[in-house]
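Subject: Structure for your review

Dear colleague,

Please find below the structure that I promised to hand over to you.

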Amino acid sequence: MKDIITVKDLCLWYGNTQALKNIEIGIKENAITALIGPSGCGKTTLLRVLMGLEKTYTGCVSGVPEKRSAVFQEDRLLEGLDALGNLRFALGTDYEEAKAAAMLTALGLTWETGKPVREWSGGMKRRVGIAQALLNEPEVLILDEPTSQLDPIAASDFLNTLRKINAELG
Ligand code: ADP
């Protein structure tokens with residue numbers, strides 16, 4: 001498998017803090033890649049660079065597809081709407097109810113129509129965000145700590161689901 005995204009000698013400073021120092025990474029096509037490291041080592045910053053949200057860096061980042069989606073640590077949902085309402089709002093004219101419902105189910109969510117997401121657990125909300133990102137049919141999906149709100153069994157189930165979805169899309 002060839003590298004689709006390459007990062008070479010990437011450095012980024014926030015004021016006097018160096019968040020990224022000489023990062024070298026190759027990300028393969030049709031694969032799930034995990035970034036693992038202690039808090040503060042620059043994982044979120046690197047993901048922000050890949051999403052095009054940080055532009056003031058040195059080094060080279062290439063191959064990031066135009067069609068990319070991200071789910072960051074903070075939920076960006078409309079708390080008063082239910083799951084499908086959130087997906088309908090986010091996807092606009094691309095929204096297809098059957099597809100949206102199937103994606104929520106694939107991610108292991110059972111939901112009550114009309115129940116606002118503010119009444120949901122953190123892990124459930126995160127999965128609505130991921131459903132939203134996947135329904136955009138991105139070529140690359142960036143997830144920042146997607147299992148942080150899940151217990152170990154739910155985290156393992158979730159990762160298996162992601163592998164399955166990746167295999168189906170790949
Ligand atoms: P991680 O995701 O691995 O926990 P981050 O990428 O969030 O690490 O942070 C890397 C470093 O950059 C840390 O030292 C953090 O304090 C610093 N940092 C992150 N965002 C900012 C910011 N907006 N302004 C200043 N410093 C920041």
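This is a predicted model: local features need pLDDT of at least 70, side-chain atom pairs count only at pLDDT 80 or more; totals for chains, interfaces and linings use all residues.

The ligand site

The ligand is surrounded by Y14, T17, A19, P38, S39, G40, C41, G42, K43, T44 and T45. Two elements, β2 (17-28) and α1 (43-51), each provide at least two residues of the shell. The largest share, 3 residues, is that of α1.

Which parts of the protein do oxygen atoms of the ligand approach? A polar backbone atom of G40 lies 2.7 Å from a ligand oxygen, and a polar backbone atom of T44 lies 2.9 Å from a ligand oxygen. In the case of T45, an N or O atom of the side chain is 2.5 Å from an oxygen atom of the ligand. Taken alone, the ligand exposes 560 Å², and the protein buries 59% of that area.

Helix α1

Of its 9 residues, 7 are buried, namely K43, T45, L46, L47, V49, L50 and M51. Against which strands do the buried residues of α1 pack? They pack against β1 (3-14), β2, β3 (58-62), β4 (68-71) and β5 (140-143). The helix is followed by G52, whose phi is positive, near 85°.

In helix α2 (residues 83-91), the buried residues are A83, L84, G85, N86, L87 and L91. Their cover includes α3 (97-106) and α4. Just after α2 comes G92, with a positive phi of about 55°.

Helix α4 spans residues 122-135 and contains K125. Is K125 buried or exposed? The relative accessibility of K125 is 14%, so K125 counts as buried, the limit being under 20%. Leaving aside residues up to four places away in sequence, K125 touches D75, L77, E79, V117, R118 and W120.

The cysteines

A disulfide is a covalent bond between the sulfur atoms of two cysteines. How many disulfides does the count give? The count comes to 0 disulfides. For C41, the nearest cysteine sulfur is that of C11, 15 Å away. For C60, the nearest cysteine sulfur is again that of C11, at 12 Å. C41 is partly exposed, with a relative accessible area of 35%, and C60 also counts as partly exposed, at 40% relative accessibility.

Two backbone angles

Finally, two residues other than glycine have a positive phi. D9, which is not a glycine, has a phi of about 50°, and its place is in strand β1. D9 counts as partly exposed, at 40% relative accessibility. For E145, phi is near 50°, again a positive value in a residue other than glycine. E145 is found in the loop between β5 and α5 (152-169) and counts as partly exposed, at 37% relative accessibility.

With kind regards

Note on methods
Residues are numbered from 1 along each chain as its sequence is written. Side-chain values use heavy atoms; hydrogens and water are left out. A residue is near a molecule or strand if one of its heavy atoms lies within 4 Å of it. A polar contact is a pair of N or O atoms within 3.5 Å; within protein, one must be able to donate a hydrogen and the other to accept it, and residues adjacent in sequence count only if both atoms are side-chain atoms. Accessible areas come from the Shrake-Rupley method with a 1.4 Å probe; for residues, only the protein chains shown count as cover. Helices (H or I, at least four residues) and strands (E, at least two) are DSSP runs, numbered from the N terminus. Buried means under 20% relative accessible area, exposed over 50%, partly exposed in between (1.4 Å probe, protein chains only). Contact means heavy atoms within 4.5 Å. A disulfide is a pair of cysteine sulfur atoms within 2.5 Å.
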